Amino acid sequence: MTRPGRRALLLWLLAMLTGSAIVWNSRFSADMSFFLPARPSAEQQVLVDQLKEGAVARLLMVAIAGSNGEQRAALSRDLRGRLVKMPEFAAVQNGDAGSLDADRAFLFRHRYLLSPAVVPERFTVDGLQTAISESIDRLASSAGMLLKPMLPRDPTGELFELLAQLNPGTQPGSLAGVWASPDGNRALLLVQTRATGADTDGQEAAIQAIREQFTAVAAAAGIADARLQISGPSVFAVKSRATIKREVTRLSAIGTLAIVAVLFFVYRSPRLLTLGLLPVLSGALAGIIAVSLAYGTVFGITVGFGSALIGEAVDYSIYYFVQSGRGGVAAWKAHFWPTIRLGVLTSVCGFGALLFSGFPGLAQLGLYALSGVATAALVTRFVLPHLAGEHFVMRDLGPLGATLKVATQLLRRLRWPTLALALAATAYLAVEHERLWSTNLSVLSTTSPEDAAADKALRTDLGTADSRFLVVVNGHDREAALQAAERAGLALDDLQASGAIDGYDSPGRFLPSRALQAARRASLPTADELRTRLQTALADSPLITGKLEGFIADVATTRQAPEIDRPDLDGTDLGLAVDALLLQRPGGWSAILPLHLPDKGQVNAIAAVRQALAGSGALTIDLKGELDTLYNDYLREAVLLSLAGFAAIVALLATTLRSPRRLAAVLLPLVLAVLLVVAGLHLSGEHLHLLHLVGMLLIVAVGSNYALFFERAGELDHTTLASMGIANLTTTIGFGTLGLSQVPMLHAIGVTVGPGAILALLLAAMFVPRETTA
Amino acid sequence: MTRLFAGILLLGLTLPACAAFDVAQLMNDLARHKGGTAKFVEKKYIAFLDRPVVSTGELTYRAPDLLEKRTLTPKPETLRLDKDVLSVERDKQKLRINLANQPEALAFVDSLRGTLNGNRAALEKNYLMNLSGNSEKWVLTLLPSEQKIAALVQRITVSGSRDQIRSIEYLQADGDRSLMLIESLDNE
């Protein structure tokens, strides 16, 4: 081995060792941050926070089906009893009447600091008279007998004021004392995990704990025919991660096995096979290293793309062995390497365009593929020759090449029919262009339609409102955020009074700002003042004055008591509600006010909210709208990036080929391949999304390798033709394997690039410029 | 001993009346009543108030299980019971409660509904019944048999004439009581 050879080899070994160490320490993840914007707007940041930290992302809906109503209710109680004791869960609700006692006790104890009706006027003679007379009127109502026991201690009806501002919504139906679906066939529970939505491991453990505890309670009760169903965003996240993990292993195994089989058929030599796989493995390693270094975290989907990378990167060693086997290494370097190098550069242009995407998943795929392909090519060029040596025995592929030659000649007769077909495809796409693209991010979700339907059914049964519309206010600390929430609340109160919105929630309901609590406390008179005023206020009232000592004592206690702080809410479900609506972020706090809008006229309602809060610094957000916008931003960006990538490839080819004619000869088969693939996909009912678009770019980037060979070499000799056929086969296997994936992102690239690569080769053979064929 | 004796005597005295008019016959009469509208006046006597709270309004009943109570004074309120779903509208507030959730509340509701539609089984599930008087002027007393219900209401007394209910009195466990007087608006 020559000295530079040894040096190259050492360098490579060193790089591989370092790389292995980096990969060993890399963090792999399969969570939704793959889809979340790298550079979010203020509104998108709220969306991201909600998905990662928000209460909705920590909510699990649990249903118990089978058996009978009484037994389901018993299981529901037992399950709740076990889960509330576990550290994994912040709250477990099943509608059991007793579970609300802690909430009521908290509201009653702190009613004078919590009630919005507590203002100085409330405790004047007139104010007391009005409030008490209203309370007595309420005794006449249907709820009178429930309110009666409280009246002597709460004659102004502050608890009623508090309960009135809680949005009652539609609570789930009940059977045998616990929540049940309207048809009565399932008992229902709501579970809030401590782990955040972004903590997929924590969520997985929590879901597993619920299943185990259910099995245990069912066994303890001797009930064998009850079933558990769990749904919620984190169930999807956990399932999706499991799917991605499984797919990555499965697809890589299928792809690798198929490619190894092809290579073994071609080389018939374990040594060449091993050597041939070296550039590929180096490339795959380099891809992960690059992503790990650049992003810190490697997404599972990125690794799943590996199978495609293997198919593409193995081409270079195939070219090397097949082409240099006949003419020698020096000739290969002189004749073939420039063409291969240009092909590598076009691939790099294609993958490189993705680097600029604001969609982190896409940018990672781009970086992974780019570094992988470039490394594989470099290792083939600079390391492989030294390892393989000058002389290696290569099977004669002439017969295979001869067969392919005949095939290409037959193909040329199909030029006109193909052009006609392409024209038809163009017309078809022009007619259908409105219906080609999905406009919804959900097309990228791994959630199966069955799971989505089951989730929707549970959500409907539980009456879990989807908090789609939010108002978000910020502050430098919690107090400031709460005060901002209270200011926004005033505007929202007006809108609620005018009927523009149905209502809203606020963390300030149960944890008012210290300022507001202090103001309310200052409204309370001393015990003596209160006693005197009551005597005047109750002159004409049926209420007997002497019965109100409990009220006077409670007001006096509140005047001395400290302000309510978050720990006072411990053990209540209200504490959870507050936590869910208050988020600590780097540099401050956010308070979230979910809006309840009328079913009809949501657009007007949200416009009214925006107008009322204009200039206050509050953000009014439609989460679903933000998600749709996000996807459409990605799509628009992907269109631009694909066009830029295509332009870069064209520019590269134009400068290298230096002839519009030759450029056209290379580009024609590629453009035709893209057209036919897209038309074919749409015709087969595939919903196109942005990953199909990226796939189109990759058809051009990958397919250009074949077109370049035909264009450069003109009439190809049998061996070169054979090498291209084999390389094309491995590429198609690599990408085609992705087409088997259930992960929509990988599937889309697979079904686009797999057929696209074959078509690119066939069309390149078909449209070889005439003068070179003569 | 004297009380027991008096009881037996009383039993002896009421026996002939029962033979002529018993619970089964009352239930039959009531079940035949298909519904109608009535005015009501409800008075609640509460220990800490020196005079009763009075409300008035209209009652509508459609057999077998739709009941609507529209209070007009002192504050308008509509209470509607459709099967087991109770809905309340007051001011701008609307509330729906599924009573299947609350067995005690359901038992309470059944005392009224069971009387209205003559559902003896529903009444006997939660109450001991005692009937006195005759078809023209009867008094049905319901005593809760379940401890949980007895904690809310000691005794319910319904009085009426033929298939019409004239008054309902709830005597609560704490001694407070409410009395509702009903006057039919339908011409028979």
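Guide: Helices α6(A) and α23(A) are oblique to each other, where angles under 35 degrees count as roughly parallel, over 145 as roughly antiparallel, 65 to 115 as roughly perpendicular and the rest as oblique. This is a predicted model, in which local features need pLDDT of at least 70 and side-chain atom pairs count only at pLDDT 80 or more, while totals for chains, interfaces and linings use all residues. Residues are numbered from 1 along each chain as its sequence is written, and chains are lettered from A and ligands numbered from 1 in the order in which they are written.

Visitor: At roughly what angle do the axes of α6(A) and α23(A) cross?

Guide: The axes of α6 (residues 125–139) and α23 (residues 527–537) of chain A cross at roughly 60° and come within 9 Å. Helices (H or I, at least four residues) and strands (E, at least two) are DSSP runs, numbered from the N terminus; axes are lines fitted to C-alpha atoms, for helices over the stretch in contact, with angles from 0 to 180 degrees between N-to-C directions.

Visitor: Which residues make the contact between α6(A) and α23(A)?

Guide: Two residues are in contact if their C-beta atoms, placed from the backbone, lie within 7 Å. Here α6(A) contributes V125(A), L128(A), Q129(A) and I132(A), and α23(A) contributes R533(A), L534(A), T536(A) and A537(A).

**A strand with two faces**

Visitor: Which strand do eight bridges join to β8(B)?

Guide: Two strands pair if DSSP finds at least two bridges between them. Strand β7(B), residues 127–134, runs antiparallel to β8(B) and is joined to it by eight bridges. The two form a hairpin with two residues between them, and G133(B) stands opposite W138(B). Strand β9(B), residues 153–161, also pairs with β8(B) in the antiparallel sense, over five bridges; there V139(B) stands opposite S159(B).

**Where the chains meet**

Visitor: How many residues does each chain give to the contact?

Guide: Chain B gives 21 residues and chain A gives 20 residues. On the side of chain B, β6(B) supplies the largest share, four residues.
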